[in-house]
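Me: I would like to go through this two-chain model with you, one question at a time.

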Amino acid sequence: MKPKLILEKKAFELTIIRLCYQLIEIHNDFSNSVIIGLQPRGVFLAKRLNVELERILNKKHLEVGALDVTFHRDDFRKKELIPNATQIDFIIEDKNVILVDDVLFTGRTIRAGLDAMLAFGRPNDVELLVLIDRRLSRNLPIQAKYIGKTIDSVASENVKVDWKETEGHDRVWIYSS
Amino acid sequence: MTKLSTKHLLGIKDLGKEDIQLIFSTADNFKEVINRPIKKVPSLRDTTIANLFFENSTRTKISFELAEKRLSADVVNFSASGSSLKKGETLIDTVNNILAMKIDMVVMRHPSPGAALFLSRHINSKIINAGDGAHEHPTQALLDAFSIREKLGEVKGKKVVIVGDIMHSRVALSNIFCLQKLGAEVMVCGPTTLIPKYISSLGVKVEHNLRRALEWCDVANMLRIQLERQDINYFPSLREYTMLYGVSKKMLDSLKKEIIIMHPGPINRGVEITSDVADSKESIILNQVENGVAIRMAVLFLLAGRTDQ
């Protein structure tokens, strides 16, 4: 079947901006908050949020990190996984952490992310932000606090987020196999 | 490429260039892990690993054990002294007994060349060769090349000289294979008696003059004189060896360029290199040790993670 576009450029942009304002509502000027993007593709979203937040808040140097969860996954023998770089140049002890990923599917990546994050300290509070929430496919009791768009999809379908940085366009597709 | 082409790590000879690069890129990530405040990840928490050391080792054994523990594996240690080997048990029986205790991976050092290969043919768990006689020591070669890559950006096109007892050195053989696969030029340097005749068939240059070798190279890997492996005298005296093949700070300073000094350890200070060379800024000996843990974590992780059993 032909892939279906579920978020095109304009809506994509508006969604990012909306998420930023939702974050500001809770975290004010981010003085005690940090953003951690999950590798590989949550990092694109974290960086994009960072750019928008810095523009809206007119403030430089928010703390944004990238976290790789490969070594903490429970399925590392079931599929071939390639680790990516972890770059967290700050301590998350007593900070409010916003974990960021592009698509929330089974919840297993987030579970591994929560585990992996603890190597960098004990955060005060952890929230989850995702661009796309596939709400019918969860295997674990994990929910996002900030959601770009919720979709109903079955497990055989695939959701793919394209980024300007890698694919040349900002948009979200759904494929069925 | 996301997985190794081999089930065991018996020698560098069996690895492809892509395998080595996969190990390096995985080790990059583990290097970040071992520099965190909490240096442990849970990847191998369901894996039991036996370290079988039939020959003495300090660095390699600690390095493997640390790598295993940082991956959360369960570890059992075994060394030949004080074991039933002394009572006449064969290698295969000892190992089979250990495996009957449900062990997933074996890291083995053994004085006989080919011991790891022999084991891999007879038992059903994954084998990592931690040195088999004068044959191979693959993780040492990987960490050496990884350290060169870290220091110089890449291995390809670099000139590396291996100095010393080439004949008795598993480090030399594994290094030659590894460096050549990555596109480096390799030279060996030492007294004629310690350089095997077949060595030029491996495509390496041979040089007997240390100064000329150092002028040529970007990296000098200084091997230890393995007196314990030398059944006859290959050179008149250690003092003479040091005069001809020992690197001193004075010699390094008199070169036209800066080169990197490596040593697989343990160092005989004042024999193959002087103390001030070992502690100089040209020396990356301790970086090699740090990288050793990252490389071994990568090898363990990649072998344990292979999906085909």
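Reply: This is a predicted model, in which local features need pLDDT of at least 70 and side-chain atom pairs count only at pLDDT 80 or more, whereas totals for chains, interfaces and linings use all residues. Residues are numbered from 1 along each chain as its sequence is written, and chains are lettered from A and ligands numbered from 1 in the order in which they are written.

Me: How many residues does the contact take from chain A and from chain B, and how do those of chain A divide into nonpolar, polar and charged?
Reply: Two residues are in contact if their C-beta atoms, placed from the backbone, lie within 7 Å. The contact takes 14 residues from chain B and 12 residues from chain A. With Ala, Val, Leu, Ile, Met, Phe, Trp, Tyr, Cys and Pro counted as nonpolar, Asp, Glu, Lys and Arg as charged, and the others, Gly among them, as polar, the side of chain A that touches chain B divides into 6 nonpolar, 2 polar and 4 charged.

Me: Is B:Pro42 buried, exposed or partly exposed?
Reply: B:Pro42 lies in the loop between helix H1 (17-33) and strand S1 (48-53) of chain B, and, not counting residues up to four places away in sequence, B:Pro42 touches A:His72 and B:Ser72. A residue is buried if 20 or more other C-beta atoms lie within 10 Å of its own, exposed if 12 or fewer, and partly exposed in between. Because B:Pro42 has 17 C-beta neighbours inside 10 Å, it counts as partly exposed.

Me: Which strands stand at the edges of the open sheet of chain A?
Reply: The open sheet of 3 strands in chain A has the order S1-S8-S7, with antiparallel pairing, where two strands pair if DSSP finds at least two bridges between them. S7(A) and strand S8 (residues 171-176) pair over 6 bridges, with A:Val161 opposite A:Val172, while 3 bridges join S1(A) to S8(A), with A:Lys4 opposite A:Ile174. Each edge strand has a single partner strand, so one side of each is left without a neighbour in the sheet, and these are strand S1 (4-7) and strand S7 (157-162) of chain A.

Conventions:
Helix = DSSP H or I, 4+ residues; strand = E, 2+ residues; numbered from the N terminus.
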